[in-house]
Amino acid sequence: MTQAFPFSAIVGQDDMKLAMVLTAVDPKLGGVLVFGDRGTGKSTAVRALAALLPEIETVAGCPVNSANAKDVPDWAVLETKQMVSRPTPVVDLPLGVTEDRVTGALDIERALTAGEKAFQPGLLAQANRGYLYIDEVNLLEDHIVDLLLDVAQSGENVVEREGLSIRHPARFVLVGSGNPEEGELRPQLLDRFGLSVEVRSPSDIEERIEVIKRRDAYESNPKAFLRKWREADTDIRDQIIDARTALDKVKTGKPILRDCATLCVALGSDGLRGELTLLRAGRALAAYEGDNALGREHLQRVAALALSHRLRRDPLDEAGSATRVTRTVQEVLG
Amino acid sequence: VSKAIWEKACLALDLLAADPRGLRGIVVRARAGPIRDTFIAALSRLKAPLIKLHPAMSRDALLGGVDLSQTLSSGRLVRAPGLLAQSGTFVMTMAERCPPDIAAILAAHLDSNPDMTLVLLDEGAEADECAPNVLRERLAFHVDLDGIGRLEAAPPPIRTFSAKDAKVDPKAIADLTVLAARLGIDSLRTPTLAIAAARAHAVSQERGETTDEDLAIAAELVLAPRATQMPDAPEQGETPEPERSDPQEQSQSEGLDIPDEMLVEAVRAVLPVDLMDTVQQSASRSAKGSGAGQRKKGNRRGRPLPSRPGRLDGQARLDLVATLRAAAPWRSLVQTKRRLAGLPGGGGTPLAAGLKAAGELALNAQSQGLSPMLALLTDGRANIALDGSGNRTQAGADATKMATWLRAEGLPAVVLDLGTRPQPVLAELSNTLGGRYLPLPRADAHRMSEALGAAMQDGLGA
């Protein structure tokens with residue numbers, strides 16, 4: 001596996017980058033959905049973000065990457081309880097994956113050799129405290145998507161199968177990407193993703209040329225390219241680490257809460273998840289930019305990310321939903 | 001002409017052999033036959049061994065999995081390595097039948113594994129029957145051997161190059177990128193592949209730097225097969241920038257918009273004359289994306305297959321309810337007739353509201369895997385607007401708007417005209433809907449149902 005393309009070297013696609021950074025600041029935001037054309041750097045951005053994130057401290061060999069010895073689940077047999085640091089896990093969920101591979105299942109080997117009932121952890125365990133990336137999420141079997149969203153929301157994987165009864169923490173950021181041409185995602189599922197981004201091929205010629213030049217430079221001499229961008233990447237990483245500690249201190253005034261609610265009512269978004277996500281995303285942005293209070297300008301910038309996938313389809317409006325959100329934001333927040 | 005196609009295909013293969021890491025692979029579109037056989041024989045110059053893949057392969061065969069018989073007999077877990085664990089050149093036959101999940105696995109493998117080379121043998125007969133786009137766009141060359149007559153084919157000469165790198169100057173990168181944009185190629189993977197092709201061609205000519213000739217070859221081989229518009233057509237998605245005060249910047253970017261005319265000519269020479277027709281066709285309602293999503297959801301369409309030997313791998317499930325339903329008749333014609341008779345008739349024509357309701361119902365059905373079609377029975381004289389007011393002009397405008405929306409959603413429609421004299425307004429409506437217009441001046445229930453059935457066969461089968 002080659003080294004990932006540096007996050008800071010990705011040209012344009014600011015919304016996508018911002019959304020990913022926000023989930024790194026506040027993993028509780030509930031995942032990102034990136035929908036758009038082929039060859040726009042969706043996968044590149046996910047891998048780049050993973051390479052950029054700070055390492056995590058875990059108990060060596062723990063199947064769920066526990067942060068300390070007492071969190072190690074009792075079904076995991078570990079020889080040592082030594083702490084090691086490792087890169088933030090990014091687990092790929094391949095299409096056509098089976099449910100037992102996702103949730104974990106009976107360990108066949110131990111069942112056959114020792115006659116014991118033991119649990120073999122699945123991808124959800126591996127992804128704990130990290131990222132779970134699904135390319136072509138719209139082609140994934142519905143029951144797998146349901147399961148993933150459920151676990152992503154509750155932060156716990158409950159396995160009741162083959163006589164096993166196991167629960168283990170599974171807190172991860174779900175990143176889904178896909179091409180709408182291949183099929184839409186059910187609205188119920190759309191709503192469960194915290195943020196959504198629509199990416200397009202850049203129409204600006206200069207931007208396109210810059211993308212290709214950087215890609216070419218990266219491919220001809222990856223080492224030199226990575227060295228060139230290391231500093232910028234480190235800056236973003238430091239900013240994310242700072243933002244994580246600052247997140248709890250971001251003040252949220254009553255007028256801002258009112259703004260959130262007014263905005264969601266004006267847009268007619270279903271349920272209250274819209275308000276909550278908008279609030280969280282705004283706070284994460286404030287923390288990331290070093291502001292100590294949530295302001296209107298933060299809401300304005302994250303509104304399209306947090307709300308555009310929660311609107312009802314309006315057949316008479318030809319503009320995309322992101323445009324509708326921006327328009328309403330201008331009307332409501334001025 | 002066929003000699004030129006053949007030589008170009010052979011050149012593509014040579015370049016791929018020279019730089020498999022940069023160019024990733026080739027899509028060969030050809031029906032089985034001696035010409036394809038000759039070409040496949042020439043694949044031997046790619047990195048050995050040639051590993052055959054088949055679209056119906058299971059995930060386990062590709063990625064490896066538990067070897068059940070070995071595991072049971074030896075009493076410990078035995079894993080069988082998958083084909084993708086090998087290194088070599090992967091050749092997929094009948095690539096046009098490759099399902100999306102296998103395509104996604106291969107695409108992910110291509111992305112994470114720079115040493116993988118993939119050859120897709122595409123035997124698609126129709127324009128929209130082709131190898132998955134997710135793979136096609138990752139492979140540099142797309143060659144179509146179907147235009148070649150039998151006699152001209154001769155085994156391509158084998159050439160080897162002393163491997164060395166060639167420099168590409170920034171102007172060349174910009175030229176290829178701009179040209180790709182002008183040809184309407186959205187993906188940014190394409191220019192990168194074109195640059196790699198130019199580089200490989202320079203190497204093949206023992207040059208240390210790319211020249212215009214290399215760029216022209218790259219444009220011809222990589223860009224031209226993916227073009228979706230003629231290079232002189234206005235750029236798609238180009239938006240005039242609001243204000244640019246810096247005159248220098250303006251002139252600079254204007255200069256960039258016109259890459260070397262030589263490059264444009266090189267591409268134009270190989271673009272099919274009927275490019276616009278094919279593009280329009282593929283953009284029409286019949287080919288909305290690859291349709292994979294719709295197919296995947298279609299668990300309510302057709303009769304479920306009987307059980308077959310094999311392993312349940314998360315993709316196949318037996319649809320019990322559908323099986324039972326298929327076995328017993330459950331629709332009552334009488335009941336439907338009674339329900340229809342109960343509908344209130346007469347009054348105004350809220351055409352827009354009707355179209356809206358129909359569209360919503362159809363989209364809902366579509367999302368459940370059905371293939372809905374709208375059949376319109378109306379006099380077409382809209383007199384109630386969408387907001388319920390009795391404004392005739394507004395009602396007409398609303399109805400047109402809704403019809404345009406239905407067309408944009410790609411819903412097939414048929415307008416039945418039951419008037420004794422054909423109504424031009426209905427022909428117009430069906431035109432707006434992009435549907436069929438069926439005048440049935442002397443229709444009874446039986447004939448109407450027959451005509452509708454025929455229209456549905458046409459509309460959905462196409």
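This is a predicted model: local features need pLDDT of at least 70, side-chain atom pairs count only at pLDDT 80 or more; totals for chains, interfaces and linings use all residues.
Start with chain A as a whole. Its secondary structure comes to 13 helices and eleven strands. The chain has 334 residues, and 51% of them are buried.

Now go to helix α11 of chain A. This helix runs over residues 273–288, which makes 16 residues. From first C-alpha to last, the helix reaches 22 Å. That is close to the 22 Å expected at 1.5 Å a residue. The helix is mostly covered, with twelve of its 16 residues buried. Among them are Gly274(A), Leu278(A), Leu285(A) and Tyr288(A). Glu275(A) and Thr277(A) are also buried. What does the covering? The cover includes four helices of chain A: α1 (14–25), α9 (222–246), α10 (254–267) and α12 (296–307). Strand β11 (195–199) of chain A is part of the cover too. After α11(A) comes Gly290(A), whose phi is positive, near 75°.

Leu278(A) is among the residues with the most contacts inside the largest nonpolar core. Leu22(A), Leu195(A) and Ile240(A) share that standing. This core has 60 residues. Tyr288(A), buried in α11(A), is touched by Ile240(A). Leaving aside residues up to four places away in sequence, Ile240(A) also touches Val21(A), Ala24(A), Val25(A), Leu52(A) and Leu53(A). A second core, of 59 residues, is separate. Its members include Ala216(B), Ile217(B), Leu221(B) and Ala266(B).

Next, the surface. Two helices each supply at least two residues of the patch: α4 (108–113) of chain A and α5 (68–74) of chain B. An α-helix has 3.6 residues a turn, so residues three or four places apart point the same way.

Finally, look at the backbone of chain B. Most residues other than glycine have a negative phi, and most peptide bonds are trans. A cis peptide bond joins Ala48(B) and Pro49(B), with omega about -5°. Pro49(B) sits in the loop between α3 (34–42) and β2 (50–53) of chain B.

Met94(B) has a positive phi, near 50°. Its loop lies between β5 (89–92) and α6 (100–112) of chain B. With a relative accessibility of 31%, Met94(B) counts as partly exposed.

Glu206(B) also has a positive phi, near 55°. This residue is found in the loop between α9 (189–204) and α10 (212–223) of chain B. At 43% relative accessibility, Glu206(B) counts as partly exposed.

Note on methods:
Residues are numbered from 1 along each chain as its sequence is written. Chains are lettered from A and ligands numbered from 1 in the order in which they are written. Side-chain values use heavy atoms; hydrogens and water are left out. The expected span of a helix is 1.5 Å times one less than its number of residues. Buried means under 20% relative accessible area, exposed over 50%, partly exposed in between (1.4 Å probe, protein chains only). Contact means heavy atoms within 4.5 Å. A nonpolar core is a set of buried Ala, Val, Leu, Ile, Met, Phe, Trp, Tyr and Cys residues joined through side-chain atoms within 4.5 Å.
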